[in-house]
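Reader: I would like a close look at one part of this model. Please keep it brisk and tie each point to the coordinates.

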Amino acid sequence: IDPHLSMKRQLTPFALAALMLATAATAYAAEEAYWTTGAGVDFSSGKYGTTSTTESLSIPVFAQYSSSAWKLSLTVPYLQVTGDGSVTVSGRQANKRTSTTPTKHKTVSGLGDIVAAASRNLASAKDSTLGVDLTGRIKFGTASTTMGSGLNDYAVQASVYTYIGKFSPGFQVGYEVLGDTADQPLNNVAYGAVNGDYQINDKSSAGVEYRYGQRATDTGFEQREVIIYANYQFTPDRTFNAYLMKGFSDGSPDSGLGLSLSAVF
C-alpha cells in the first residue's frame with residue numbers, strides 16, 4: 001500500500017468532524033470563554049516560477065471561539081485572482097499547474113477555500129517555562145478549480161513559545177496532506193516557522209516571522225518568506241492588525257500585505 005495514499009484516506013472529513021464536535025463540547029464547558037470575529041484584506045503578487053505574474057486578493061471573514069484550553073476557528077474568504085491560469089493560489093500552498101495550458105490574463109473571483117481549525121493548549125507559558133499548542137486544520141476545497149485545487153487539505157501543527165520580559169520567541173512545525181488528482185499530483189509537505197514578538201506597550205506589539213515549506217510537486221519550489229507584522233488594540237475589545245510579506249523563493253509570492261480588524265465579545 002502506498003503510504004502517501006493511505007494517509008490521505010485516513011484523514012477524512014468524517015474524522016475531522018468528530019474531532020471538532022468533541023472539541024466544541026469541551027470548550028463549551030470551559031470557563032472564561034469568548035468570541036472573536038473580524039474581517040480583513042490580503043493581497044499578494046508573484047510569478048511562482050513562471051514567466052507571468054499572478055495576483056491574488058482575498059477578503060476573509062472569520063470567527064473564533066476561545067476558552068482557557070481550546071480555540072475553534074472558521075475562516076470564509078472571498079477570492080479574486082488575476083493571471084493566466086498557470087498557478088493555483090487558494091489555500092496555504094500556491095502551486096504551478098502541471099497540465100493546464102496558460103491563457104491570456106484574466107480575472108476570476110468567487111468563494112475561496114473555507115478553513116476550519118481546532119487548537120488545544122497543552123502547556124501555558126504563564127504556568128511553565130514553555131507554552132505548547134497543538135492544532136488540527138482542514139482547508140475545504142470550496143474554491144473553484146480555476147483558483148484552487150477543488151480538494152480538501154489536512155494539517156496538524158505544534159507551536160512552542162515562551163516569554164522573556166516583553167519579548168516572546170516561538171516556533172511552529174507542521175505536516176500537511178494535500179488533496180491531489182492524476183492531473184495535478186501533489187506531495188504531502190512538512191512546514192515550519194520561527195518568530196519573535198515584542199510587546200511595545202499595553203496596546204501595541206510587533207514582530208517578525210520566517211516561514212518555510214517543502215515543495216508540493218517534484219518540479220515545484222520550496223516556500224521561503226519573511227513577514228513583519230504589528231497589532232494595535234485601540235479599545236479593550238477592538239484590535240487592528242497589519243503585515244508586510246516578502247518571498248525569497250519561487251514557491252512564495254514575491255510580495256504581499258494585509259490588514260484586518262477584530263472584535264471580542
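Which residue in S14 stands opposite Thr-235?

Author: Arg-238 in S14 stands opposite Thr-235. This is a predicted model, in which local features need pLDDT of at least 70 and side-chain atom pairs count only at pLDDT 80 or more, while totals for chains, interfaces and linings use all residues. Numbering starts from 1 along each chain as its sequence is written, and side-chain values use heavy atoms, leaving out hydrogens and water.

Start with the turn itself. A hairpin joins S13 to S14 through two residues. Strands here (E, at least two residues) and helices (H or I, at least four) are DSSP runs numbered from the N terminus. S13 and S14 run antiparallel and share 10 bridges; a pair needs at least two DSSP bridges. On another pairing, S13 meets strand S12 (residues 204-213), again antiparallel and over 10 bridges. There, Ala-206 faces Ala-230 of S13.

Asp-237 sits in the loop between S13 and strand S14 (238-247). Asp-237 counts as partly exposed because its relative accessible area is 37%; buried means under 20%, exposed over 50%, and partly exposed in between (1.4 Å probe, protein chains only). Leaving aside neighbours within four places in sequence, Asp-237 contacts Ser-262, Ala-263 and Val-264. Contact means heavy atoms within 4.5 Å. Thr-36 is 201 residues away along the chain, yet its C-alpha atom is 9.0 Å from that of Asp-237.

Now move along S13 to Glu-225, which belongs to that strand. Glu-225 is buried because its relative accessible area is 11%. Its side chain makes a polar contact with the side chain of Ser-252 at 2.7 Å. A polar contact is a pair of N or O atoms within 3.5 Å; within protein, one must be able to donate a hydrogen and the other to accept it, and residues adjacent in sequence count only if both atoms are side-chain atoms. Not counting residues up to four places away in sequence, Glu-225 touches several others, among them Glu-209, Arg-211, Lys-246 and Phe-248.

Two of those neighbours pair with each other. Glu-209 forms a salt bridge with Arg-211, with the closest N and O atoms 2.6 Å apart. A salt bridge is a side-chain nitrogen of Lys or Arg within 4 Å of a carboxyl oxygen of Asp or Glu. Glu-209 is buried because its relative accessible area is 14%. Arg-211 is partly exposed, because its value is 37%.

Glu-176 and Arg-137 meet through their side chains at 3.9 Å, N to O. The two are 39 residues apart, with Glu-176 in strand S10 (residues 167-177) and Arg-137 in strand S8 (residues 131-139). Both Glu-176 and Arg-137 are buried.

Areas come from the Shrake-Rupley method with a 1.4 Å probe, and for residues only the protein chains shown count as cover. Val-41 lies in strand S1 (residues 34-46). Val-41 counts as partly exposed because its relative accessibility is 33%.

Tyr-48 is in the loop between S1 and strand S2 (54-66). Tyr-48 is not a glycine, yet its phi is positive, about 50 degrees. Most residues other than glycine have a negative phi. Tyr-48 is buried because its relative accessibility is 3%.

Last, the whole chain. It has two helices and 15 strands. Buried residues make up 41% of its 265 residues. Of contacts with a separation of 6 or more, 53% join residues 24 or more positions apart. The chain exposes about 14200 Å², and carbon and sulfur atoms supply 62% of that.
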